[in-house]
Amino acid sequence: QVQLVESGGGLVRTGGSLKLSCTASGSTRGISSADWYRQAPGKQRELAARMTAGGTTVYADSVKGRFTISRDNTGYTMYLQMNSLKPEDTGVYYCNADVIEAVAVVRNYWGQGTQVTVSS
C-alpha cells in the first residue's frame with residue numbers, strides 16, 4: 001500500500017518562508033514526477049509547481065521566482081520551498097505524484113494536504 005505523506009505547513013507572516021515535504025511510503029520504488037497544487041478557500045484547486053521525471057520544472061506565474069520544487073537524492077521525497085510568502089498564498093497544499101510501484105508500474109497518488117496560512 002502506497003501513501004504520500006505531506007508535512008511542513010503552518011502559520012507564517014507575510015514575507016516568511018515554509019518548506020513543504022511529500023514522502024512516498026509503502027511498497028514503492030520512489031517518485032517519478034510530482035506536482036504541488038493548492039486550494040484557497042472558496043476557490044478551485046490550482047497547480048503551483050511541477051517537476052517532471054526528467055527534472056524539468058514548471059511554475060504558476062503567481063509563484064514564479066518565489067517557490068522552488070525539488071526532490072531529495074533518494075527519490076522518495078519531493079519538496080516545495082516557499083519564500084516571500086503573501087496572504088494570497090494561503091490555502092491547502094496538495095502533493096500529487098506518479099509513484100513507481102514496480103518495474104513499469106506507475107500509479108498516481110494524492111497526499112492528504114497541508115494547510116499554509118500567511119498572515120498580513
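Me: Why are D89 and R38 said to form a salt bridge?

Reply: In this predicted model, the closest N and O atoms of D89 and R38 are 2.8 Å apart. The limit for a side-chain nitrogen of Lys or Arg and a carboxyl oxygen of Asp or Glu is 4 Å, so the pair D89 and R38, at 2.8 Å, counts as a salt bridge. Side chains of opposite charge can pair when their charged atoms come close.

Me: Where in the chain do D89 and R38 lie?

Reply: D89 is in the loop between β8 and β9, and R38 is in strand β4, residues 30–39. The two are 51 residues apart, and the pair links distant parts of the chain.

Me: What makes R38 count as buried or exposed?

Reply: The relative accessible area of R38 is 7%. Buried means under 20%, so R38, at 7%, is buried.

Me: And what about D89, buried or exposed?

Reply: D89 has 0% relative accessibility, so D89 counts as buried by the 20% limit.

Me: Which other residue meets D89 in a salt bridge, with 2.7 Å from N to O?

Reply: That residue is R66. The distance of 2.7 Å is again set against the limit of 4 Å, so R66 and D89 qualify. This pair also links distant parts of the chain: R66 is in the loop between β6 and β7, D89 in the loop between β8 and β9, 23 residues apart. R66 has a relative accessible area of 11%, so R66 is buried too.

Me: Which residues are linked in a network of salt bridges?

Reply: The network consists of R38, E46, R66 and D89. Over the structure, the count comes to six salt bridges.

Me: What does R38 touch, apart from residues up to four places away in sequence?

Reply: R38 touches a list of residues that includes Q44, E46, F67, D89 and Y93. With Y93, the side chain of R38 also makes a polar contact of 3.0 Å. The limit for a polar contact is 3.5 Å, so a distance of 3.0 Å passes.

Me: How do you know that C22 and C95 form a disulfide?

Reply: Their sulfur atoms are 2.1 Å apart. A disulfide needs two cysteine sulfur atoms within 2.5 Å, so C22 and C95 meet the condition. The two cysteines are 73 residues apart, C22 in strand β3 (residues 18–26) and C95 in strand β9, and the pair links distant parts of the chain. C22 is buried, and so is C95. A search of the whole structure finds one disulfide.

Me: Why is this disulfide called left-handed?

Reply: The torsion about the S-S bond of C22 and C95 is about -75 degrees, so the disulfide is left-handed.

Me: What makes T77 count as buried or exposed?

Reply: T77 has 9% relative accessibility, which is under 20%, so T77 counts as buried. T77 lies in strand β8, residues 77–82. Leaving aside neighbours within four places in sequence, T77 is in contact with residues including S21, C22 and T23. T77 and S21 are 56 residues apart in sequence, yet 6.6 Å apart in space, C-alpha to C-alpha. The side chains of T77 and T23 are joined by a polar contact of 2.9 Å.

Me: How do you know that strands β2 and β11 pair?

Reply: Two strands pair if there are at least two bridges between them. Four bridges join β2 (residues 10–13) to β11, so the two strands pair, and they run parallel. One of the contributors is R13, whose bridge partner in β11 is S119.

Me: What about strands β9 and β11, parallel or antiparallel?

Reply: Strands β9 (residues 91–102) and β11 run antiparallel, joined by three bridges. The bridge partner of Y93 in β11 is T114.

Me: Which face of strand β11 is covered?

Reply: The covered face holds T114, V116 and V118, while Q115, T117 and S119 are on the uncovered one.

Terms used:
Residues are numbered from 1 along each chain as its sequence is written. This is a predicted model: local features need pLDDT of at least 70, side-chain atom pairs count only at pLDDT 80 or more; totals for chains, interfaces and linings use all residues. Side-chain values use heavy atoms; hydrogens and water are left out. Buried means under 20% relative accessible area, exposed over 50%, partly exposed in between (1.4 Å probe, protein chains only). Contact means heavy atoms within 4.5 Å. A polar contact is a pair of N or O atoms within 3.5 Å; within protein, one must be able to donate a hydrogen and the other to accept it, and residues adjacent in sequence count only if both atoms are side-chain atoms.
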